[in-house]
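Trainee: I have a structure to go through with you. Can we take the charged side chains and the helices in turn?

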Amino acid sequence: MAISIVKEASEAVVDGINRLIPQLSRTAPQMSPQEVADFLAQDNVTLFVFTPDDQPQNILGMLTLVSFKIPTGVRSWVEDVVVSEETRGQGAGRQLTEAAVKYASEMGARTVDLTSRPTREAANRLYRRVGFEKRDTNVYRYSC
């Protein structure tokens, strides 16, 4: 199995993302090839994918790392971590998360943050094992 960074919206990438989106959200729509291209073209977004060594076009997991500079330094945020149901338990989530943290650190990020619902027990255990610490903070959301 391999972790790689995706930069182009090939047909395999679009298909892989759209196979995984329903596992992230029941309400998120599928992405068109142009939407995937626009997503990948953002300077502050890095898409990591997990694929079999012998099938690099078969995306079995993905993680989005968003990085940005603010007055106090470079920060990174992990979003939309998902591993296909048939691949779970094989270390894909850990490999994706570790790759993203390493990349963020190499880019000069001071911190890497993420959120995870308490009901996602396996994901929360994974993040703690990788080294994330639960923060004492409130997370607020404004829906537009």
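Mentor: Start with Glu-98, which is partly exposed, with a relative accessible area of 36%. Buried means under 20% relative accessible area, exposed over 50%, and partly exposed in between (1.4 Å probe, protein chains only). This is a predicted model: local features need pLDDT of at least 70, side-chain atom pairs count only at pLDDT 80 or more, and totals for chains, interfaces and linings use all residues. Residues are numbered from 1 along each chain as its sequence is written, and side-chain values use heavy atoms, with hydrogens and water left out.

Trainee: Which side chain meets Glu-98 in a salt bridge?

Mentor: Side chains of opposite charge can pair when their charged atoms come close. A salt bridge here is a side-chain nitrogen of Lys or Arg within 4 Å of a carboxyl oxygen of Asp or Glu. Glu-98 has such a contact at 2.9 Å, N to O, and the partner is Arg-94.

Trainee: How many salt bridges does the rule give?

Mentor: Lys-102 and Glu-106 also form one, at 3.7 Å, N to O. They too sit in helix α3, 4 residues apart, so about one helical turn separates them. Lys-102 is exposed at 55%, and Glu-106 is exposed at 57%. The count comes to 2 salt bridges.

Trainee: Why do the buried residues of α4 line one face of the helix?

Mentor: The buried residues of α4 are Ala-123, Asn-124, Leu-126 and Tyr-127. Look down the axis of α4: they line one face because they fall within an arc of 160 degrees. The arc is that of the directions from the helix axis to the C-beta atoms. That arc is the reason: 160 degrees.

Trainee: Where is Pro-29, and how far in space from Asn-18?

Mentor: Pro-29 lies in the loop between α1 (11-24) and α2 (33-40). At 62% relative accessibility, Pro-29 is exposed. Asn-18 is 11 residues away in sequence, and the C-alpha to C-alpha distance is 8.6 Å.

Note on methods:
Helices (H or I, at least four residues) and strands (E, at least two) are DSSP runs, numbered from the N terminus.
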